[in-house]
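Me: I am new to this structure and would like to go through it with care. Could you look at it with me and answer some questions?

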Amino acid sequence: MNSQIRKATIEDYYSIHRIMIEAQHHHVLLRPDIFKEVDIMFTKEQFKEMLENNIIFVGECQRQVVGVIIVNRCVAKGLTKKERKFLYIDSMAVDLKYRGLGIGTKLLNKVTETAKKENYDILSLPPLNQY
């Protein structure tokens, strides 16, 4: 099945929200000690702000949004360190029916490509022991 990756738009809100809720439910099933069920991941207004402040890509199959990756732009600096720009992968999810088709890999590749193109120093993931 052919898939493509593109920047998310406000029109993608409902599809992205559905996928994120599905992923959250899956997290709850696996780790109820950490995660809780939610009805709303973010409002449409919050999503609009996310589009302005973050990098969000979607994966599409047959013009349907089936995957999403949300990446935060960050800057690290300290008293003894120079300023460094980095990207932090906040969330990534692929519709259960479309897993195993390489959509997640394509989303990650697009973020890596963007990090290089926009001269980010580091691409970071959440710590695995967080889950």
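Predicted model: local features only at pLDDT ≥ 70, side-chain atom pairs only at ≥ 80, totals over all residues.

Reply: Residues are numbered from 1 along each chain as its sequence is written, and side-chain values use heavy atoms, with hydrogens and water left out.

Me: How many of the residues of strand S2 are buried?
Reply: Strands are DSSP runs of E with at least two residues, numbered from the N terminus, and buried means under 20% relative accessible area, exposed over 50% and partly exposed in between, with a 1.4 Å probe and protein chains only. In a regular strand the side chains alternate between the two faces of the sheet. In S2 one side holds Asn54, Ile56, Val58 and Glu60 and the other Ile55, Phe57, Gly59 and Cys61, and both faces are covered. Strand S2 (residues 54-61) is therefore largely enclosed by the rest of the structure, its buried residues numbering eight of the eight.

Me: Which residue in S3 is the bridge partner of Val58?
Reply: Two strands pair if DSSP finds at least two bridges between them. S2 pairs with strand S3 (residues 64-76) in the antiparallel sense over eight bridges. Within S3, the residue that partners Val58 is Val68.

Me: Which residue in S2 does Ser3 stand opposite?
Reply: Strand S1 (residues 3-7) also pairs with S2, in the antiparallel sense and over five bridges. In S2, the residue opposite Ser3 is Cys61.

Me: How many residues apart in sequence are the parts that Glu60 and Arg6 tie together?
Reply: A salt bridge is a side-chain nitrogen of Lys or Arg within 4 Å of a carboxyl oxygen of Asp or Glu, and the side chains of Glu60 and Arg6 meet in one at 3.0 Å, N to O. Because Glu60 lies in strand S2 and Arg6 in strand S1, the parts that this pair ties together are separated in sequence by 54 residues.

Me: Is Asp12, which forms a salt bridge with Arg6, buried or exposed?
Reply: The closest N and O atoms of Asp12 and Arg6 are 2.8 Å apart. Arg6 has 23% relative accessibility and so counts as partly exposed. Asp12 has 5% relative accessibility, so Asp12 counts as buried.

Terms used: Helix = DSSP H or I, 4+ residues; strand = E, 2+ residues; numbered from the N terminus.
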